[in-house]
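This report covers selected features of one model, grouped by region. The sequence and coordinates come before the discussion.

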Amino acid sequence: MVLARLLDKLREIREALGDRVFDVIGEIFPGRDFYQLVIDAAANARSIDEILATIEAKLDEEYIFKVKEALGESLATRFIDYTRIKEMAERAKEYRLIPEYTENFFIRAFEKAGGKITKTGEFYRIDSIPYEIRKIAAEDSFKNTWGILASKYKNITFDKEVAMKNADAEFVSFGHPLFEAVLEWVLRNYIKDCMTGATFKDPSGMYNGVIFFFEGEVTDGKGVVAGKRLFAIYRDDRTGEIKELNPSIIWDLAPYNGSYQLEEGWKKEAESYAIRALMSFKDELLKERLRQAEIKEKYGVKSLKSLITSYDLKLIEYEERKKKGVKMDLAIQMAERRKREYEKALDELKWEIEREKNLSVSMPKLVGVVRVVAGDEMVSDAEIEKIGMEVAMAYERMHGRVPEDVSSQNLGYDIRSVGENEVRYIEVKARATAGDVALTPNEWFKAKRFGDQYYLYIVENAAISPTLYIIRNPAEKLEVIEKVESVRFIIPYSEWKWKGKVTKV
């Protein structure tokens, strides 16, 4: 009987406050004690008057308003900015370490260690692991950190999306014992070479100098890593200019025989620049942390303060009812305990917000150096390329999209163009007349990864009578010739000429 009356009262509350009351039922009733109340009601251990006094279910208009307001504030802590999430997801896709990078690294390193890896359809197979890699994986410290290395692997992929679609596929990347064992083998055998510096050739002829790779880390006041980034600091031998590059530039360089003497002064200059780059990274993180703190303060702190105030009002009312002879000791005790819990949660939230905004950086760590020699195989005409960019940008604006020139960031595309319901990643190639075009490995990897979102814009006769050819998803639609010696993917003139959408400009 008592349980039935309690359930009737709950239905009454639900009708007054709406379904969402049950989404945050712990904010209306004293948390887990609500379930104890149900048990007490079922066992007739307590009278309905005692139970209803405990849960304070007086449904006058003022109380309903207070509870709904509290509910609104509590639910607001589940605040979701879907537009920003979509934007952040898009940017994460742009900057993430795409599978082609880890795949290429692993294959080269594994074969260098004496291993053999075989492609079978969209997967790879490894029938045996080289002794030196097995020896590393057998160490207790390795097993305790990364787990047990298998003796062979039947179906492995470096693409998480492929692994999720195939139950018998094994995803290999950072954190997997096979990948970590190979990485450790590389570090043990070649870390000194990384610090000494290897020599590469830039087929485009753009770079001729030294690239320093620094690892930078930002931590917050809780000692948690807020962000970590690899910085590539380039010093041009021809001009002495120092600037930051996208670390993925390494994929667009070809191995080259040669040596050089690294001057200590260059390292100090690069380190100073890396510190400034790291501070800019910290500012990026701080901006996002401040945005998150504002949400927590606006919704979390305000919600908790509202709930604490509601319990102050309850305690006042409980005391008044107690003076009138109603048994309220248990209800008062539970309300006081709940209020203390919210006060503690409020203090912890404030502490957390302040420390999450308190960011600090450590000295950037030099992890590698490479010497770059300018080649002359794929040198492009800067003026012609500039015309090509202007044509592509104008075309995008004409079709209602907002293009952004990101060509200097070496992202694998030149333009990020945002439309009403789309984002285009556009690589622009311009020719004075006509001829083959070349894509760098970085551009080709991104073309494969972005699929239909990736566009190749080729501007023919750029200097005289520009004609724009548009090819969507070139990795899927075009046949290329891989030119290993200059690490480029050549698209023959006949391919793009007849498969591109022609647009007169």
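## The largest nonpolar core

The largest nonpolar core holds 24 residues, of which Phe106, Ile126, Ile133, Ile156 and Leu178 touch the most other members. A nonpolar core here is a set of buried Ala, Val, Leu, Ile, Met, Phe, Trp, Tyr and Cys residues joined through side-chain atoms within 4.5 Å. Buried means under 20% relative accessible area, exposed means over 50%, and partly exposed lies in between, with a 1.4 Å probe and protein chains only. Two or more residues each are given to this core by helix H7 (99–112), strand S2 (123–126), helix H8 (131–137), strand S3 (153–157) and helix H11 (177–196). H11 supplies the largest share, six residues. Helices (H or I, at least four residues) and strands (E, at least two) are DSSP runs, numbered from the N terminus.

The model is predicted: local features need pLDDT of at least 70, side-chain atom pairs count only at pLDDT 80 or more, and totals for chains, interfaces and linings use all residues. Residues are numbered from 1 along each chain as its sequence is written, and side-chain values use heavy atoms, with hydrogens and water left out.

Not counting residues up to four places away in sequence, Ile133 touches Phe110, Ala113, Leu149, Ala181, Val182 and Trp185. Contact means heavy atoms within 4.5 Å.

Glu180 is located in helix H11. Glu180 is buried yet has no salt bridge, and the nearest side chain of opposite charge, Arg188, is 11 Å away. A salt bridge is a side-chain nitrogen of Lys or Arg within 4 Å of a carboxyl oxygen of Asp or Glu; for charge, Lys and Arg count as positive and Asp and Glu as negative, while His and the chain ends are not counted. With neighbours within four places in sequence left aside, the contacts of Glu180 are Phe142, Trp146, Phe174 and Gly175.

## Strand S6 and its partners

Strand S6 (residues 209–219) is largely enclosed by the rest of the structure, because eight of its 11 residues are buried. S6 pairs with strand S7 (residues 225–236) in the antiparallel sense over 11 bridges; two strands pair if DSSP finds at least two bridges between them. Val218 has Gly227 in S7 as its bridge partner. Five residues separate S6 and S7 in a hairpin, and Gly223 in the turn has a positive phi of about 80°.

S6 also pairs with strand S11 (residues 365–374), antiparallel over seven bridges, with Val372 in S11 as the bridge partner of Gly209. Strand S10 (residues 360–361) is joined to S6 by two bridges and runs antiparallel. Here Thr219 stands opposite Ser360 in S10.

Three strands form an open sheet in the order S15-S19-S18, with antiparallel pairing. Strand S15 (437–439) and strand S18 (481–483) are the edge strands, each pairing on one side only. From one strand to the next the twist averages 35°. Axes are lines fitted to C-alpha atoms, for helices over the stretch in contact, and angles run from 0 to 180 degrees between N-to-C directions. Three bridges pair S15 with strand S19 (residues 488–491) in the antiparallel sense, and Leu439 has Phe489 in S19 as its bridge partner.

H15 lies across S15 and S19, running at about 75° to S15. Helix H15 (residues 441–450) is mostly covered, with eight of its 10 residues buried. Among the buried residues of H15 are Asn442, Glu443 and Lys446, along with Trp444 and Phe445. Gly451, with a positive phi near 55°, follows H15.

Five of the six residues of S17 are buried, so S17 is largely enclosed by the rest of the structure. Strand S16 (residues 454–460) is joined to S17 by six antiparallel bridges, and Leu456 has Ile471 in S17 as its bridge partner. S16 and S17 form a hairpin with six residues between them, where Asn461 in the turn has a positive phi of about 50°.

Asn473 lies in the loop between strand S17 (467–472) and helix H16 (474–477). Its phi is near 55°, a positive value in a residue other than glycine, and Asn473 is buried with a relative accessible area of 11%. Asn410 is in the loop between strand S12 (402–405) and strand S13 (415–418). Asn410 has a positive phi of about 55° although it is not a glycine, and is buried with a relative accessible area of 19%.
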